[in-house]
Amino acid sequence: MAEGRLKAEDRQFIPITFTLNGRAQEIQVEPHELLIDVIRNRFGFTGTKRSCDVQVCGACTVLVDGQPVSSCTYLAFEALGHDVLTIEGLAKNGKLHPLQEAFIEHGGLQCGFCTPGMILAAKSLLEQNANPTREEIIHFMEGNICRCTGYKKILESIQAAAKTLRQQSSGV
Amino acid sequence: MATKSSFTIVGKAARRVEGIEKVTGQAKFTVDLTIPGMLEGKVARSPYPHALVESIDTTRAEKLPGVVAVLTRADVKDINPYFGHCLRDRPLIALDRVRYVGEPVAAVAAVDALTAQEALSLVEVKYKELPVMATFDDSLTPGAPILHPDIQGEGAYHELKKLQAEIQTNVCHHEHIEEGDVGTGFAESDRIFEDVFEFPMVYHYTMEPHAAIAKVDANGITVWSSCAHPFVVRAELALIFEQPLSKVQVLVPYVGGAYGGKSYTKIEPLVVALARKAGQPVRLEQSVPESMLTNRRHSARVWIKTGVKRDGTLVAREAKVLLDTGAYADNGPRVARRAATRIHGPYRIGNYNIDALAVYTNTCPAGSFRSIGGPQSIWALESHMDIMAEQLGIDPLEFRLKNLLKRGDIVKSGAKPMDADLLSDLKQVAVKLDWKGSAKRRTGSGVGLAVGVTDSEAVPVSTAIVRLLADGSVVLMSGSTEVGQGTRTVLCQIAAEELSVALEKVTMHSTDTNVTPFDRSTGASRSTTVMGTAVRAAAADLRAQLIEIGAEILKAKPEQIVLKDGEIIAGEYRIGYTKALHTYFGMPGGELIGRGYCRPGGGMSPIYPLFWETGLGGADVEVDVETGEIKLNRFVGLADVGKAINPPQCEGQDEGAAMMGIGHTLFESLIYDKGQPLNPNLVDYRVPSFRNLPAVFDTILVENQDGPGPHGAKGMGETGIVSPAPAIGNALARATGVRIRELPLTPERVWRALRDKSSK
Ligand code: FES
Ligand code: FES
């Protein structure tokens, strides 16, 4: 944001196509525009939260092709050709994802500001590792800060969701 | 009101009522809102800790295309721009001088954030630097320049007997308490111990920084704010902008963490003044670095002296707590008051003489932060307890058990007697820690205990309305702010229980001061106890109406009526609430309205504190003697909650508080150098992350149903933060023989202490 404001005639726009929450999108972005601003301001998906703004806290986490990225430091034009998922795209047909269920059930959220990023990061983890150990969860989730919960109940939420997902995929 | 022994909703692990909104991204926080015609605001802040503002030139900024308004001191001449709920010592924008780095000097409203940001660089301010009072030592030096010669009187919400703004010094408030005779007490003591402890400045880091949107038009002032005390904000805005309360509407969307950092009034007056000038709504979305220069916890130096008998009986205490309150009073006077009572501690000690001073400096204003004055005082007190025990050759657990107050014991005259079973609480923590077995540990590993008891700051004033709508659903109108603590769920549980309806039937919306009845504030662990009492009273009022109506319809006596699962029952006759309402109003509409007040002497005892908030902690640590790093094998927290209306939420509060405490124990510290903040960003200021999770993290809830709130509940969620520092410090001392009196216990500090010890 600190780059300064360009004169109208100096502004450049880059056309990009990408997928956002399962829908194809075609927009023009300026080179300096950040993914978080595009998601929040242009598409109104305000579930993606801005906090530290320097890739420390994870509140702005979205998934790009399934990988967690900090949208506060990700240039919007880089989304070209990729599949972006925000928290708004997680529940399918009004049915919550097991992680969303687990966070409610196990007290994995309080103020809820870290929650969208937390859940998306956890989704990525569980896709890569269906049965993570406590240490693996701690290691993977290190980039997502929560100031409210003390982490214990988030850990338990992730463990519970992992179990549900394993049961679902084994058809139990 | 029905007395209850068995519950259907209270005491159960009810799901958080706003859970779905929060896991799906639907929950709206202030910065998620867009108001038609809204401009973006940015603030030019002082780069100097103390300077005269000689001139401000906004000509170039105003000419930038897209800029709608630039606000400076010139725009507040028609009002008294000072605010402050304790002392009106703070102008909403700098007037003749600036007193801390980050103080707003000018503010821009523009069509977008980028334009507003650019306009800031075009605002030309000339400063003349003044001597900097970087610390309270500087401010208290005789002859030091006076930071506040111009306080505009008292604010309306300090609730102190007397405010002692010693305006001709830099002491913002001086709290003194004494009882007995310390001189005699010390003379009668066998040993006298004296210690000095330091506590750093720390930052709340609410993940959502401060944000507000303001609109000023013929309807008055409308503000959407990420604030925890909307009714205080309303009162202060009404005063500054000379509006009736009815013309100041404060709305509070979801708040992304508060912990005291969003208590009282913060950025709202500035945003309102900017919107007033712009003639359009304006949003100010602060960044984390800006919010780090908006509010913080008081750093402190605590001197404590205690006289003890050889057998470990405490006899006398003297203490002086110096608190760095920063550039403006904010909640400093109240923090000083609490620091004073909290260093007394929950021990039998008849002679004491305690002073606490909130001192102005040229740093960011300090205010409320989870358990005001508690962590600072209790870090000192509970470390001091262990030091004395060790010197006396008494086990620290036994030493505490010997001196702890029992239920009903007088803590200090005029205050509510001790209302918790501290001895059994402490024993429970000790058992969890395997205190007995810990004696045989090898060097580098140890356990430590701490008792955290605080006199609640809760003010017993809340009002609530409960409405039964024509379809049997219920709207609860309460001004408690949902900051994450789960108050909405708990209050809905209390209402549902009283009304005998399912929890799903009850909805509580966010605060809109034009609609929601008055509440003092959300903080001081008061919502469940005080607002809970008002909500229960409102629901009971509604219940009584249902019984009366039911008796009339069912032709029964009111005493025969029972309410159950949304039905009015008299013997074998029954009628659903919906049907009863339709019959009563003669149409499928109408509604019943219950109201409840809680006030001193009305629903709540007028004796303070309302309850003693009780949280104990135990730490089991492993110290790496090579690096000085402290690892937590186990942390045990105990919260004496009276009655847990929602047990998992209580645990979550206590765990979150303990983790914050672990943060300021091990690494958190906001560092200033000559008034310049060195680490106001999240890269250089670290907060706990997943890897700080103790290997074992226990939370014990004690429920004796002995609190003044609904069903015997009492406040919790704050004291969890006070025990970690002394518990870990004590464990470190027992593990290594090294006693550190200054937080945080960083690896470097621990390593140096270990080295100094071994080189002796
Ligand atoms: S806001 Fe992007 S990581 Fe913190
Ligand atoms: S729930 Fe508040 S920051 Fe995580």
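**Close-up views of a predicted model**

**View 1. Pro744(B) sits in the loop between helix H17 (724–736) and helix H18 (747–758) of chain B.** The model shown is predicted. The peptide bond running from Leu743(B) to Pro744(B) is cis. Its omega is near -10°.

**View 2. Tyr608(B) and Pro609(B) are joined by a cis peptide bond.** Omega is about -10° here. Pro609(B) belongs to the loop between strand E26 (603–604) and strand E27 (612–623) of chain B. For context, most peptide bonds are trans.

**View 3. Helices H4 (residues 134–141) and H5 (residues 152–169) of chain A cross at roughly 115°.** Their axes come within 11 Å. Angles of 65 to 115 degrees count as roughly perpendicular, so H4(A) and H5(A) are roughly perpendicular to each other. The crossing of H4(A) past H5(A) is right-handed.

**View 4. Tyr151(A) lies in the loop between H4 and H5 of chain A.** Phi of Tyr151(A) is positive, near 75°, and the residue is not a glycine. Tyr151(A) is buried, with a relative accessible area of 0%.

**View 5. Asn93(A) has a positive phi of about 50°.** Asn93(A) is not a glycine either. Its place is the loop between strand E5 (83–85) and helix H2 (98–105) of chain A. Asn93(A) is exposed, at 83% relative accessible area. Most residues other than glycine have a negative phi.

**View 6. Tyr584(B), Phe585(B) and Met587(B) make up a nonpolar surface patch.** Together they have about 310 Å² of accessible area. Tyr584(B) is part of helix H15 (residues 577–585) of chain B. With a relative accessible area of 45%, Tyr584(B) is partly exposed.

Methods. Residues are numbered from 1 along each chain as its sequence is written. Chains are lettered from A and ligands numbered from 1 in the order in which they are written. This is a predicted model: local features need pLDDT of at least 70, side-chain atom pairs count only at pLDDT 80 or more; totals for chains, interfaces and linings use all residues. Side-chain values use heavy atoms; hydrogens and water are left out. Patches are made of residues with over 30% relative accessible area and no salt bridge: like charges are joined within 9 Å, nonpolar side chains (Val, Leu, Ile, Met, Phe, Trp, Tyr) within 5 Å. Accessible areas come from the Shrake-Rupley method with a 1.4 Å probe; for residues, only the protein chains shown count as cover. A salt bridge is a side-chain nitrogen of Lys or Arg within 4 Å of a carboxyl oxygen of Asp or Glu. Helices (H or I, at least four residues) and strands (E, at least two) are DSSP runs, numbered from the N terminus. Buried means under 20% relative accessible area, exposed over 50%, partly exposed in between (1.4 Å probe, protein chains only). Axes are lines fitted to C-alpha atoms, for helices over the stretch in contact, and angles run from 0 to 180 degrees between N-to-C directions. Angles under 35 degrees count as roughly parallel, over 145 as roughly antiparallel, 65 to 115 as roughly perpendicular and the rest as oblique. A crossing is left-handed if the near helix is turned anticlockwise from the far one by less than a right angle, and right-handed if clockwise.
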